[in-house]
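Thanks, everyone. I'll keep this short and go through one structure, feature by feature.

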Amino acid sequence: MGFRAHDGRDPVRLSQQAMQPQLPRRFYREVTVSAGEDGWFSVLLDGRQARTPARRPLRAPTRALAGTIAAEWAAQEKEINPASMPATRMAVAAIDAVEPDPEAALQEIIRYAGSDLLCYRAGGPESLALRQTQLWDPVLAWMDERYGARFALAEGVMFVQQPQAALAAAEAAVRAHAHPFAIAGLHVMTSLAGSVLLALAVREGRLGVAEAWAAAHVDEDHQIALWGEDAEAAQRRARRFTDFRAAADACRAGMAG
């Protein structure tokens, strides 16, 4: 039995709550979307332009994505909790981080091609190696057919130098869509999956979001099948999947915008 404060409350929980940043209060009643003459769609709070933390207009390249962002703001109750607003966080990343300096984000994405998850295979057990082959080989074949990028494979964790032609083709694929929302979405998908190849497959419609997520977690799912799943790890994974899905939506909106 743990220690308790004099009023019966758990002091560990109290200290954790004290360390959490204070969330801003909801200050608006109505959330709407407004189409601009430049083709962008702004999120309005009580008729006024919502803004990012950097004070830039909060907007999206498609009405659908702007509507998703607006719905997140409308769903906030007494406080505004960014943790429950994945589409909004993606928009902020695109507007405040990527748009002022897209090259920095592009370079981070491109670096993944040199050590992509799909290029490193398990030596065993056979069931894991077979599952990797089933889910990863079609994506590698698609990259070769679609972009002329043929990657080298390695067993284990020993680094393998990728052909320069494959790296150049992957870079060209990454740079094919320069919209800040497309870049931001691709960046987050790549980071969460550990694979720019999976992220590109989602961006181009070769894989669905759930398919790519499963492919990114082949090793983890193999361990879960053997030993079971930890509840906290499952919650973290669910949150990451929500972010992955929001990133895919942002990426596709950027391509359509």
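Before the first feature, one term: two strands count as paired if DSSP finds at least two bridges between them. Keep in mind too that this is a predicted model.

Now the hairpin. Strand 1 covers residues 31-35, and strand 2 covers residues 41-45. They pair in the antiparallel sense, over 5 bridges. Between the two strands sit 5 residues. In that turn, Gly-39 has a positive phi of about 90 degrees.

Move on to the loop between strand 2 and strand 3. Asp-46 lies there. Most residues other than glycine have a negative phi. That is one backbone detail to look at.

Here is another. The peptide bond from Gly-124 to Pro-125 is cis. Its omega is near 0 degrees. Most peptide bonds are trans. Where is Pro-125? In the loop between strand 5, residues 120-121, and helix 5.

That takes us to helix 5 itself. Helix 5 spans residues 126-147, and helix 10 spans residues 218-227. Their axes come within 10 Å and cross at roughly 145 degrees. The crossing is right-handed. On the helix 5 side, the contact uses Ser-127, Leu-128, Arg-131, Gln-132, Leu-135 and Trp-136. On the helix 10 side, Val-218, Asp-219 and His-222 take part. By class, this contact has 4 nonpolar, 3 polar and 2 charged residues.

Last topic: the largest pocket. The volume of the largest pocket is about 400 Å³. How many residues line the largest pocket? The count is 20. Nearest its centre lie Phe-27, Leu-45, Arg-51, Trp-73 and Ile-80. Two elements give two or more residues to this lining: strand 3, residues 48-49, and helix 3, residues 86-98. Which element gives the most? Helix 3, with 3 residues. By class, the lining of the largest pocket has 12 nonpolar, 3 polar and 5 charged residues.

Methods. Residues are numbered from 1 along each chain as its sequence is written. This is a predicted model: local features need pLDDT of at least 70, side-chain atom pairs count only at pLDDT 80 or more; totals for chains, interfaces and linings use all residues. Side-chain values use heavy atoms; hydrogens and water are left out. Axes are lines fitted to C-alpha atoms, for helices over the stretch in contact, and angles run from 0 to 180 degrees between N-to-C directions. Helices (H or I, at least four residues) and strands (E, at least two) are DSSP runs, numbered from the N terminus. A crossing is left-handed if the near helix is turned anticlockwise from the far one by less than a right angle, and right-handed if clockwise. Contact means heavy atoms within 4.5 Å. Ala, Val, Leu, Ile, Met, Phe, Trp, Tyr, Cys and Pro count as nonpolar, Asp, Glu, Lys and Arg as charged, and the others, Gly among them, as polar. On a 1 Å grid over the protein atoms alone, a cavity is a set of points where a 1.4 Å probe fits but cannot get out, and a pocket is an open set with protein on both sides within 12 Å along at least five of seven lines; lining residues have an atom within 4 Å of a point. Grid points are joined across faces, edges and corners, and a volume is the space filled by probe spheres set on the points.
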